Amino acid sequence: MKILVVGGAGTIGRRLVPALRGHEVITAGRTSGDVHVDLAEPSTIEAMYQQVGAVDAVVSIAAHGALDSFHTLTTDALHENMRAKFYGQVALVLIGQHHCADQASFTLTSGVFADHAWPGVTGGGVISGALHSFVLSAAVELPRGMRINVVSPTMVGDSMAAFSSVFPGMRPVPMAELVDHYLACVAGSDTGRIIRAYGEEAFGTTSRVR
Ligand SMILES: NC(=O)c1ccc[n+]([C@@H]2O[C@H](COP(=O)([O-])OP(=O)(O)OC[C@H]3O[C@@H](n4cnc5c(N)ncnc54)[C@H](OP(=O)(O)O)[C@@H]3O)[C@@H](O)[C@H]2O)c1
């Protein structure tokens, strides 16, 4: 398969790309990767698809929702927060449906805050929840046998050092387990699935909301 991995140089991407050995893998990022794209700029998504030609799978593991303060959050800031991770991933699919091969798959990335409230991540929660709803609709609308799924990770193992003080008590999903979810989305036949990669006890013994 010819597989486009947006965010292939990132924390998750660095683990996923080697696991896709045997396939033709093209990585993308704003400055990293084989081709350049900014998910916040739809014209660069169109240009990327023109450059890479028809692919059999698109995996998106790029662009975070920002940490935010609920008490000072504005709808303008929320909209800006959604540009890359929500609208960008949606555009990858809406534009990609016209460029990708028959039966191509899209695998998007959301996050645990779609399902579990946590202080300081309203934008991230909204983005991920909206992505889940988008995937459900897209799965019944995509043409030519195309598929779409979304992986919703909790904090990933390789981000523990960076994030464990921001999200105390949250247990990470092991990288191998997470990578397997992405591989199943690419190689399998499922569509319209929201894969909650939260680990068995992602929240440890602490309550969901501190
Ligand atoms: N790490 C976690 O614990 C965790 C947990 C739950 C969900 N997630 C989600 O998983 C995804 C990947 O996370 P990660 O930790 O692997 O991220 P990361 O380490 O920050 O890597 C992000 C990757 O995406 C690319 N990228 C960033 N913004 C982009 C944009 N606007 N357009 C195109 N490419 C862009 C970066 O390359 P360039 O800098 O070259 O653009 C980089 O390759 C994110 O959506 C994140 O919210 C992560």
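The sheet in this predicted model is open and has seven strands, in the order β3-β2-β1-β4-β5-β6-β7, with parallel pairing. Two strands pair if DSSP finds at least two bridges between them. Strands here are DSSP runs of E with at least two residues, and helices are runs of H or I with at least four, both numbered from the N terminus. At the edges stand β3 (35-36) and β7 (193-197); each has a single partner strand, so one side of each is left without a neighbour in the sheet.

Two housekeeping points. Residues are numbered from 1 along each chain as its sequence is written. Because the model is predicted, local features need pLDDT of at least 70 and side-chain atom pairs count only at pLDDT 80 or more, while totals for chains, interfaces and linings use all residues.

Start with β2, residues 24-29. Two bridges pair β2 with β3 in the parallel sense, and G29 has H36 in β3 as its bridge partner. β1 and β2 also run parallel, joined by five bridges, with I3 opposite V25 in β2. Five of the six residues of β2 are buried, meaning that 20 or more other C-beta atoms, placed from the backbone, lie within 10 Å of their own; 12 or fewer is exposed, and in between is partly exposed.

Together, β1, helix α1 (residues 13-19) and β2 make a right-handed β-α-β unit. Right-handed means that, with the strands pointing away from the viewer, the path from the first strand over the helix to the second runs clockwise.

Next, helix α3, residues 75-96, which bends by about 60° at R83. That bend is the angle between axes fitted to the seven residues ending there and the seven starting there. Among the buried residues of α3 are N81, F86 and L92. The buried residues of α3 pack against β1, α2 (42-52), β4 (57-60), β5 (105-109), α4 (122-141) and β6 (147-153), where contact means C-beta atoms, placed from the backbone, within 7 Å.

Last, two loop residues. A63, between β4 and α3, has a positive phi near 70° without being a glycine. A63 counts as buried because it has 22 C-beta neighbours inside 10 Å. Q103, in the loop between α3 and β5, is not a glycine either and has a positive phi of about 65°. With 13 other C-beta atoms within 10 Å, Q103 is partly exposed.

Definitions and conventions:
Contact = placed C-beta atoms within 7 Å.
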